[in-house]
Amino acid sequence: MKPRILAFAGSLRRESFNKRLVPIAAKGARDAGAEVTLIDLKDFSLPLFDQDLEAEQGIPENGKRLKQLFFNHDGLLISCPEYNSSITAVLKNAIDWVSRPVPDEPSLAAFKNKVAALMSASPGALGGLRGLVHVRSILSNIGVIVLPDQIAVAKANEAFNADGSLKDSKQQAGIEGLGQTLASFLMKLKG
Ligand SMILES: Cc1cc2nc3c(=O)[nH]c(=O)nc-3n(C[C@H](O)[C@H](O)[C@H](O)COP(=O)(O)O)c2cc1C
């Protein structure tokens, strides 16, 4: 059975550097035998999580769709921008909505036993590395196995060719390799 991987960036920005990293890692995962679903969180627009709103109206339709996608996949490839040294609000908000249970559902069911690989891109010198520390911690705490391998692409505003590939061939191979590592890990896990 092919492992199924859900791939997305924690940015809504049209020209997002993180959105550009996702297909590179996805290619690596596909080459290694995984099935990858690429999504844009912009297509899953969600209100800021509000427990009153949830109590009155339940989980919004886009939250249900996103949660179902998590259920349908074994792995997560996430490219995480860094805002003020941490996770972006849009990524945390998506995680918060997906984490909400419906009646009789075990806690954090959409996250338990998923495996994630993380990457980031930033115009800054650290490439968003500090934000990854927080994303790793959040995901680990909700039952996701986060692989030790991760890559932060610094000076992202200068890093890409017009065709979307990375100028640095080692970096390109590294991001593809991240996808491959996730796919191989999932294949071992699924036997
Ligand atoms: C509110 C805000 C805070 C930011 N804080 C950081 C930061 O702490 N570290 C960093 O490297 N870049 C920071 N940046 C710059 C982002 O890395 C940059 O906007 C990047 O393009 C965002 O990712 P994206 O291109 O995938 O949307 C910040 C940007 C915004 C809008």
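Modeller: Glu-82 sits in the loop between β3 (75-79) and α4 (89-98). Helices (H or I, at least four residues) and strands (E, at least two) are DSSP runs, numbered from the N terminus. This is a predicted model: local features need pLDDT of at least 70, side-chain atom pairs count only at pLDDT 80 or more, and totals for chains, interfaces and linings use all residues. Residues are numbered from 1 along each chain as its sequence is written, and side-chain values use heavy atoms, with hydrogens and water left out.

Glu-82 has a relative accessible area of 18%, so it counts as buried. Buried means under 20% relative accessible area, exposed over 50%, and partly exposed in between (1.4 Å probe, protein chains only).

Two links stand out for description. The side chains of Glu-82 and Arg-130 make a polar contact of 2.8 Å. The Glu-82 side chain also reaches the backbone nitrogen of Gly-131, at 2.8 Å. A polar contact is a pair of N or O atoms within 3.5 Å; within protein, one must be able to donate a hydrogen and the other to accept it, and residues adjacent in sequence count only if both atoms are side-chain atoms. Leaving out residues up to four places away in sequence, Glu-82 touches Gly-128, Leu-129, Arg-130 and Gly-131. Contact means heavy atoms within 4.5 Å.

Asn-84 also lies in the loop between β3 and α4. Its relative accessible area is 79%, so Asn-84 is exposed. Asn-84 is not a glycine, yet its phi is positive, at about 45 degrees. Asn-113 has a positive phi too, about 65 degrees, and is not a glycine either. Asn-113 belongs to the loop between α4 and β4 (115-121). With 61% relative accessibility, Asn-113 counts as exposed.

Ala-9 is in strand β1 (residues 4-9). Its relative accessibility is 4%, so Ala-9 is buried. Beyond four places in sequence, Ala-9 touches Asn-18, Lys-19, Val-22, Leu-41 and Ser-79. Ala-9 and Val-22 are 13 residues apart in sequence, and their C-alpha atoms are 6.7 Å apart.

Leu-166 is in the loop between β5 (145-153) and α6 (169-190). Leu-166 is buried, at 4% relative accessibility. Apart from neighbours within four places in sequence, its contacts include Leu-21, Ile-24, Val-153, Phe-160 and Ile-175. Leu-166 and Glu-35 are 131 residues apart in sequence and 23 Å apart in space, C-alpha to C-alpha.

Finally, the whole chain. It has six helices and five strands. Along the sequence they run β-α-β-α-α-β-α-β-α-β-α. Of its 191 residues, 47% count as buried. Among contacts between residues at least 6 apart in sequence, 77% join residues at least 24 apart. The radius of gyration is 16 Å, which agrees with the value near 16 Å for a compact globule of 191 residues. That radius is taken over C-alpha atoms, and the globule rule is 2.2 Å times the number of residues to the power 0.38. Along the principal axes, the C-alpha atoms fill a box of roughly 50 × 40 × 25 Å. The chain exposes about 9300 Å², with carbon and sulfur atoms supplying 52% of it. Accessible areas come from the Shrake-Rupley method with a 1.4 Å probe; for residues, only the protein chains shown count as cover.
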